[in-house]
Amino acid sequence: MDIGIISSFVDEMSGGIGVYTYNLIKNLNKIDNRNTYHLIHYMKGNDEIYDDNDDIIIPKFNFMNNMVGSYSLWRYYILPTKMKELEIDMVHDPYELGPLSFSMPFKKVVTIHDLSPILFPKLFKWGDVMIHKLLFKKTVNNMDKIITVSEHSKKDIMNYLKVPEEKIEVVYLGKDSIFKQMDFQDFQDIYGKYGINNKFILAVGGIHPIKNISNLLKAYYKLKKSGLEHKLVVVGNKMDKWEKIVEKVQDLNLNDNVIFTGVVPLQDLAKLYNAAELFVYPCLYAGFGLPPLESMACGTPVVTSNNSSIPEVVGEAGIMIDPYNVEELTDAIDNVLKDQELQADLKNRGLERAKLFNWKETARQTLKIYEDVI
């Protein structure tokens, strides 16, 4: 069979969807020697996954190269127009909206990670919310199968988009093998590289309102006033309304205590998880929640939200809090940092829990869906 996968999120290094797409393709190549995979994107890529698969390059127009919104124009206009000409059996789009919203002459599978722009419209850019409202229903009606990444997201898709249960398959995400416990000598260089000169608390996932960094800063400020010595290190892209987070840091006079690293290489991220004394993920909503899983795999205690899909991933291996309750978040961080027995217990629980999730199993279940659809 000839199977297309839209891989542009790998090229864009675009957050969790890029991680998902990359690891899915890499592990499909490991387990499947019967089918041919065609990676659909707009420019030649240097990543190793392009050495093992067929490239389908659908370029942007030249005038679009430096244009704001060029990726959206490519994804929603050029891509659907050109993809109609492809002679393949099926295409999988790892992101919920795009060319497969339109009529195509092959089978179609889409991954819907979550419904956050629909459920929390005030936290997203107006354009993102509008395109979801315009295309979401059209997309789900047009699919042969929908993959989602948690039982919670499946319920949301059924409830809000009125999709029948039999059309949806839940396939959990995995963790990269790079996320594992390390000896101190293997990660000690990370302190100097990112200007960390003290013990620290880690947050990963980008600077976006739904990541709830604002409440984390409020909790951190309370702890600093009580004598906390730890730095706060925040890893990820600057995303929607990130300026307000930077302003919050300045308003609370935390400039010397909060470090924004931006996006970091995977090896550095694994080192940061290992070096951190505590990982905090007070997300308001998550379709899956990769960062807590990665942290658990590195043996770092986790404090995270008690909402959406996160309990499915973390189970009893982390401390669950109401992300809207700053006092509860503050107390949870304080309790873990002060209690070494609790830290050790969370570490052991997390390491065991993380063993349940791996990308090879994600790929195996996804391949079965492809074969069933075709």
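Visitor: What kinds of residues make up the lining of the largest cavity?
Guide: Six are nonpolar, two polar and one charged. Keep in mind that this is a predicted model.

Visitor: Which ones are they?
Guide: The lining consists of Ala 203, Val 204, Gly 205, Gly 206, Lys 211, Ile 213, Val 280, Tyr 281 and Pro 282. Two elements, β8 (200-204) and β11 (278-281), each give two or more residues to that lining.

Visitor: How much space lies in there?
Guide: About 30 Å³ in the largest cavity. The count of cavities of 30 Å³ or more comes to one.

Visitor: Switching to strand β4. Which way do the residues point?
Guide: From β4 (residues 90-93), Met 90 and His 92 point one way, while Val 91 and Asp 93 point the other way. Side chains in a regular strand alternate between the two faces of the sheet.

Visitor: Are those four buried or exposed?
Guide: All are buried.

Visitor: What does β4 pair with?
Guide: Strand β1 (residues 2-6) pairs with β4 in the parallel sense over three bridges, and Gly 4 stands opposite Val 91. Strand β5 (residues 107-112) also runs parallel to β4, joined by four bridges. There, Asp 93 has Val 110 as its bridge partner.

Visitor: Where is Asn 257?
Guide: Asn 257 is in the loop between α10 (242-251) and β10 (258-262).

Visitor: Why does Asn 257 count as buried?
Guide: Because its relative accessible area is 16%, and buried means under 20%.

Visitor: What is Asn 257 in contact with?
Guide: Leaving aside neighbours within four places in sequence, Asn 257 is in contact with Tyr 220, Lys 224, Lys 231 and Leu 232.

Terms used
Residues are numbered from 1 along each chain as its sequence is written. This is a predicted model: local features need pLDDT of at least 70, side-chain atom pairs count only at pLDDT 80 or more; totals for chains, interfaces and linings use all residues. Side-chain values use heavy atoms; hydrogens and water are left out. On a 1 Å grid over the protein atoms alone, a cavity is a set of points where a 1.4 Å probe fits but cannot get out, and a pocket is an open set with protein on both sides within 12 Å along at least five of seven lines; lining residues have an atom within 4 Å of a point. Grid points are joined across faces, edges and corners, and a volume is the space filled by probe spheres set on the points. Ala, Val, Leu, Ile, Met, Phe, Trp, Tyr, Cys and Pro count as nonpolar, Asp, Glu, Lys and Arg as charged, and the others, Gly among them, as polar. Buried means under 20% relative accessible area, exposed over 50%, partly exposed in between (1.4 Å probe, protein chains only). Contact means heavy atoms within 4.5 Å. Two strands pair if DSSP finds at least two bridges between them.
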